[in-house]
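Student: Can we go through this one together, starting with how its helices pack and then moving to a pocket?

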Amino acid sequence: MSKPRSLVFACLILAGSLTALPNVSAAGEATDLLFQEDQIADIETGTTLHYDHQRQGVGGENLHAIPDGEITLSIDQGETGEREALVVMKEGEQQRSLDPFPGSAGNPVLMIFLESSLRSIARVSGGSPFYIRNRFKEAIFSAEAAPEVAAALAGEAVTAREVRVEPFENDKNRDKLGPLANLQLTFLLSDSAPGGFLSMRAETPADETGKVAFLESVTLESVEESE
């Protein structure tokens, strides 16, 4: 599965505040897996990927829970003849279309998930989204291990690779984050999954009652091919 990193992945990951990035050349295998430069290049034009999108936890109105969201990624032929990746985010009856992404690059749903998660955590914790974004970057770019794990896609067993990081594990300000200090980012990738990703999760461990302080997940649910 490992392929060269995209030269533009830094523009896709955690949009904005791209200063003081860790040394990209020193990134490990896990980073290579997350930011493969051609994750959506082999998806045929007219295909739509459907991702379930959920968010839950504590924080009241600051959390903005998403019990039944969806993210769709469609590959289309743009007006210029170049492939485009069109992303639509849906919550109930509401939906929002994002500006087109390159149709032969990394999967833009990764950036969307990370940005959505970090901004939600910033609202719940009262922290700076810029500070949290940088903790995400540092953790992701220093990730190394990506063990093989068993997974499923459309009810079929597949082989996957798991990337797991803890953005605030060694953060000097983790005591100010309460239960969010133990947040884990987990990415499940497989060659069998169009777009590369089976799931993406930002999650705190459950407390003694089984409740989590924060959980945001994006899961590949189905692939709709053109007729």
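Tutor: A crossing counts as left-handed if the near helix is turned anticlockwise from the far one by less than a right angle, and as right-handed if clockwise. The model is predicted, with local features needing pLDDT of at least 70 and side-chain atom pairs 80 or more, while totals for chains, interfaces and linings use all residues. Numbering runs from 1 along each chain as its sequence is written, and side-chain values use heavy atoms, without hydrogens and water.

Student: So which hand is the crossing of H3 and H4?

Tutor: Helices here are DSSP runs (H or I, at least four residues; strands are E, at least two), numbered from the N terminus. H3 covers residues 108-125 and H4 covers 129-141, with axes 9 Å apart. Their crossing is right-handed.

Student: Are H3 and H4 parallel, perpendicular or oblique to each other?

Tutor: They pack at about 135 degrees, where angles run from 0 to 180 degrees between N-to-C directions of axes fitted to C-alpha atoms over the stretch in contact. Under 35 is roughly parallel, over 145 roughly antiparallel, 65 to 115 roughly perpendicular and the rest oblique. H3 and H4 are therefore oblique.

Student: Which H4 residues meet H3?

Tutor: Contact means heavy atoms within 4.5 Å. From H3 come Leu114, Leu118 and Ile121, among others. Across from them in H4 sit Pro129, Ile132, Arg133, Phe136 and Ile140.

Student: Which element supplies the largest share of the second largest pocket's lining?

Tutor: E1 (48-57), E2 (66-77), E3 (83-91), E4 (94-97) and H3 each supply at least two residues of that lining. The largest share, four residues, comes from H3.
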